[in-house]
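Trainee: Please take a close look at a single part of this model and walk me through what surrounds it.

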Amino acid sequence: MAALEGLEFGKSDFVLLDEVNIEQFMENLKLRFEKGRIYTFIGEGVVSVNPYKQMDIYGKEDIDAYRGRELYENPPHLYAVADAAYKAMKRRAKDTCIVVSGESGAGKTEASKYIMEYIAAITNPSQRAEVESVKKVLLKSNCVLEAFGNAKTNRNDNSSRFGKYMAINLNFNGDPIGGNINNYLLEKSRVVQQNGGERNFHSFYQLLRGGSDDMLKSLHLHNDPANYVYTREGAVATVSTPPPYCHKAVLSALNVIGFSEEEIHSIYRILGTILILGNLQFETDSESVRVVGMGDVSHIAELTSTEPDNVTKSLLYRTVATGGGEVIEKGHSKKEACFGRDAFTKALYERLFGWIVGRINAVIEVKDYNPVLHGKNTVIGVLDIYGFEIFDNNSFEQFCINYCNEKLQQLFIQLILCQEQDEYQREGIIWQHIDYFNNQIIVDLVEQPHQGIISVLDEACLSVGKVTDTVCLESMDAKLGQHPHYTSRKLTPSDKTMEFHRDFRIRHYAGDVTYSIEGFLDKNKDPLFQDFKRLIYNSSNPVLKEMWPDGQLSITEVTKRPLTAATLFKNSIVALVEKLGCKVEWVARNKLVLNISTTKSIVFGTKHSLKHKPKVNCVINHLMWGTSCTFDCVSVTITSLSSPFPPPSLPLSPSLHQVWRGALARMRCQRMRSIFAIMGCYKRYKVKVHLWEVERRFANVRNMADYGKSVEWPTPPAALTQFHSITQQLHRRWRAWQIVKNIPPSDMGEVRAKVAALGALNGERKDWGCGRPWERDYLANMRDCHRSSSNFILLSQELRNKDEYNQVIFSGFCRKMNRFNKSTDRALLITDKHIYKLDPEKQFKVLKRLPLELMTGLSVTAGIDQMVALHTSSQDDVLLYIQRGELCPDQDRIGELVGTLIDHFTRVRNTPLPVKVCCSAVQLHMRGKPKSVTVETKAGQANADFRKSRDGFTLLIPSN
Ligand SMILES: Nc1ncnc2c1ncn2[C@@H]1O[C@H](COP(=O)(O)OP(=O)(O)OP(=O)(O)O)[C@@H](O)[C@H]1O
């Protein structure tokens, strides 16, 4: 287990801060970061600072250290969160989601990958091949997704330009059996245009710089990105900072995932097509627009497996349906042609990306899973929330990204809040805060029908007249002027940070973002003519055809206006939110009752931009009050203080909820610990008090006449119950010993007999003669009794009449016997150690053993000082053990007794007995009817005689 951190590393959990304010928060974060600790807990979440260097904290030992541990057992780490989520999913068999949030470059994608790797590492201990292959595909898919969905931006060399929700399906064992990737909002505009210093998607540079000569030759491409308009901007940067994966690695990942050669080739054909499309130029002659040089057209036709004429046509004309149902071809203007080409290019890439994700999904989807046979399958999801982007110039792309973030943040907050709702109510916190936490107001500002920004944009795009961006901005000002989260220069003329007729500002929860309206309408329209769709649908390449199924529609069938880009964004986000929140039941006004889906953990990313300047741009927006704050190595500055909008008060922050939740958990834990500590102290105190009391009461027992018999024991505490009974027993023994040690040895036999009798009586007879000396001549009538066809019980019954003492003994004995022998008309042999019931059917079967004391007592009281034992080793053998007692040296009496027994057995069994008789050191062996007896004495073997008496045999044991 990784060692827990000392205090020199700061607070490992933000909820342990003495005060929850931004200064303390940042100070702690900075201290920890300087000490090399990039992770800090915040309740059940983890705040991470991007170290921008390889850390030695993701090895196998680290994984082992966190596997199966509780969240706070180890120092903060992504693995702790991942393990907690995995455990929660396993324990409750409920779907769980890990949300990763933060600004661009904060390390979200890396965090998601580490989480996935951790889950892969801790699952499938039995190394089942099919599970391993699912894990492999899931991990390899990252490489492919990054190649086609990531690009170098000014903030991050490997920035994900799409949002991602990766779900892993786990079987009832918790092993991955499949998965699903939901991608959303690919920044396709990057294909045709990049900001200064930024690059197109990695895939282009990987192909051009790393593609094999053969491949480039087959695609007729040059290996220099500077040759292509769409990659020219990033051509230089590619050399200095190559994409994270090389072309070979991507090819290998595609192969591992299961893409066929044809599919892989088609992917690169599409990339080639895009590059060539970018180089296409249009020129205008007197009337119409033409493509400059037809070489590029043929090249495109070849790469797309289409006809060059059709390529040209779709680039220069568009088919329109007239009102009368007629179909005509309308030539483009040059601008329209460029516009159409760019839209086509973007769509080609977007569909390619969507298709790749779809193919991966098809490979990893759970197949043939029968819940009845295989048990419930659960999902653990990793949601890489789109990071807020705030640039100097923010355009339509940032608007969409930030809206998307706002929307997902909203869902995330709702999930967290409703998950904890019950807990809060239990804690007595008034739940109305949920309304304040809600950033629905901003979501509404963007997406509300008829009123929201998207609606205004769409309206402007659909207007027939010439609606410019500026007109659209005016319309937004008119409709949203009163909205507390919207402003523009026209609405706040004194704010010179915005331009008139160009800028509007949205007060997001992450901060204020000023957007330039320029280009909004064009980017929102994003018209993709049906002609392009049809062109690719008619391709002879089946892979391409598959990507454009809507191309089969003729223009007359395409009745609907194409959806605008903003609306498509909105729809994809709404679909994602529905997917994530499908297990959440909504009740009145945004309040939720969480049903199944559990948002387990949050990884908030913060970025440490060491490379560029010694300051950390730390977006605490999700953590604190929605603001971006900056600190350098020595000082902490909250830039939001200069913000025109005051920060919302603390309770408004969704993340304070997290902090609060963590604090509550801590408090509860502390309370429980205190309770246990108090309980422990109290228990120890009770024990001590009891022992003191016992000591006090029994201090003088040695000198008491009854040795403390009359002393009352104090009632013990529950913890001492066993100890108490042992102590009592010890005391009793000690008392008994104190008494017994004074009894003369000559009386001991009688005492023993009385003790045995006492046990046999079991307290049921008051007067049993224990005060009187006991006589021992009780076998006087032995002869009578053994003649009886009955048994020793009868014998004893006879004896009972003679002496009260015998009566006592045998009544106790008979009572015991009668428990298993209702009838007394059975033969019972009483010995020193055993009582045998002579069962007529099963012949001498031993039924029950009585305590030695009782038997001793019985044999003594019966006058049989010799202890007689009968033992059957098999159906045929009967062993008689006779031990000569010191009290009865009369040999005749022993002989009589054994003879009686042998007679009795013979009669019962009605056959001569194989009998072995042991008389202490004397051994007697008889087979069948006793003829001779071998007696083994200390002196050696000797013959013993049976004397045939009137009624049977008498055994004569020679005295030694
Ligand atoms: N835990 C880490 N250890 C070392 N380097 C890291 C770590 N996390 C991130 N980085 C570095 O930071 C870079 C950016 O991280 P990442 O791509 O994960 O950011 P992001 O939040 O996903 O950004 P975007 O939203 O732009 O995709 C990575 O390429 C890597 O170099």
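Mentor: In this predicted model, V144 is in contact with V250, A253, L254, I257, I356 and I360, once its neighbours within four places in sequence are left aside. V144 also belongs to the largest nonpolar core, which has 153 residues. Together with A82 and I115, V144 is among the residues with the most contacts inside that core. Helix 15, residues 334-364, gives the core eleven residues, the largest share.

Strand 12 is the next element to consider. Five of the seven residues in this strand, which covers 378-384, are buried, so strand 12 is largely enclosed by the rest of the structure. Two pairings of strand 12 can be described. Strand 3, residues 96-102, runs parallel to strand 12 and is joined to it by five bridges; here V100 stands opposite D384. Strand 6, residues 163-170, pairs with strand 12 in the antiparallel sense, over seven bridges. In that pairing, T378 of strand 12 is the bridge partner of L170.

The ligand is surrounded by 21 residues, and the closest are G107, K108, T109, E110 and S159. Two elements give two or more residues to this shell: helix 4, residues 108-122, and strand 5, residues 159-160. Helix 4 supplies the largest share, three residues. Sorted by class, the shell around the ligand holds 13 polar, four charged and four nonpolar residues.

Conventions:
Residues are numbered from 1 along each chain as its sequence is written. This is a predicted model: local features need pLDDT of at least 70, side-chain atom pairs count only at pLDDT 80 or more; totals for chains, interfaces and linings use all residues. A residue is near a molecule or strand if its C-beta atom, placed from the backbone, lies within 6 Å of it. Helices (H or I, at least four residues) and strands (E, at least two) are DSSP runs, numbered from the N terminus. Ala, Val, Leu, Ile, Met, Phe, Trp, Tyr, Cys and Pro count as nonpolar, Asp, Glu, Lys and Arg as charged, and the others, Gly among them, as polar. A nonpolar core is a set of buried Ala, Val, Leu, Ile, Met, Phe, Trp, Tyr and Cys residues joined through C-beta atoms within 7 Å. A residue is buried if 20 or more other C-beta atoms lie within 10 Å of its own, exposed if 12 or fewer, and partly exposed in between; C-beta atoms are placed from the backbone. Two residues are in contact if their C-beta atoms, placed from the backbone, lie within 7 Å. Two strands pair if DSSP finds at least two bridges between them.
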